[in-house]
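Hi,

Here is the structure I said I'd pass on.

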Amino acid sequence: MATDLDGTFTALADPTRRRILELLRERPHRAGELSAAFDITAPAVSRHLRVLRQAGLVEERFVEADARGRVYHLRPEALVGLRAWLDQVQAFWTDQLGAFKVHAERLSEGQER
């Protein structure tokens, strides 16, 4: 069963899409500006943007003065689920490493006696 988190990971698996998100983190960009930032074709960038839109990570807004113009914006709220999942994983490993540290210190103290 696919979840929103699966879609987020799928979208973030590609380095071009991660770079697009980095650019959008700085400020909204027109599609042409995003295409100019890569050594791939505009249709290829458009396909990456579609994946990011479907994952809910970006949204496009039309420019009123230019019916053909689209500006892409980052949707940081779409990363909330990912952040919550990473926090859970980090908490698990922090607990595990803390328990391992206590165990290793006890063993070390036992060897010193």
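Let's start with Glu60, which lies in strand 2. Helices (H or I, at least four residues) and strands (E, at least two) are DSSP runs here, numbered from the N terminus. Before going on, the ground rules: this is a predicted model, where local features need pLDDT of at least 70 and side-chain atom pairs count only at pLDDT 80 or more, while totals for chains, interfaces and linings use all residues. Residues are numbered from 1 along each chain as its sequence is written, and side-chain values use heavy atoms, with hydrogens and water left out.

Glu60 is partly exposed, at a relative accessible area of 24% (buried is under 20%, exposed over 50%, partly exposed in between; 1.4 Å probe, protein chains only). Setting aside neighbours within four places in sequence, Glu60 is in contact (heavy atoms within 4.5 Å) with Arg53, Arg70, Val71 and Tyr72. Its side chain makes polar contacts with the side chains of Arg70, at 3.3 Å, and Tyr72, at 3.0 Å. By polar contact I mean a pair of N or O atoms within 3.5 Å; within protein, one must be able to donate a hydrogen and the other to accept it, and residues adjacent in sequence count only if both atoms are side-chain atoms.

**Helix 2**

Helix 2 covers residues 15-26. Which of its residues are buried? They are Thr16, Arg17, Ile20, Leu21, Leu23 and Leu24. They sit on the same side of helix 2 because they cover an arc of only 160° around the axis (taken from the directions from the helix axis to the C-beta atoms). The face turned away from that buried side carries the exposed Pro15, Arg25 and Glu26. Helix 1 (4-12) and helix 4 (42-54) are among the elements covering the buried residues. At the start of helix 2, a side-chain oxygen of Asp14 comes to within 2.7 Å of the backbone nitrogen of Thr16.

**Aromatic pairs**

How many aromatic pairs does a search of the whole structure find? Two. Rings of Phe, Tyr and Trp (its six-membered ring) pair if their centres lie within 6.5 Å; planes under 30 degrees apart are stacked, over 60 edge-to-face, the rest tilted. Phe9 and Trp85 pair edge-to-face, 5.4 Å centre to centre with 80° between the planes. That pair links distant parts of the chain, with Phe9 in helix 1 and Trp85 in helix 5, 76 residues apart. Phe92 and Trp93 are also edge-to-face, at 5.0 Å and 80°.

Cheers

Conventions
The expected span of a helix is 1.5 Å times one less than its number of residues.
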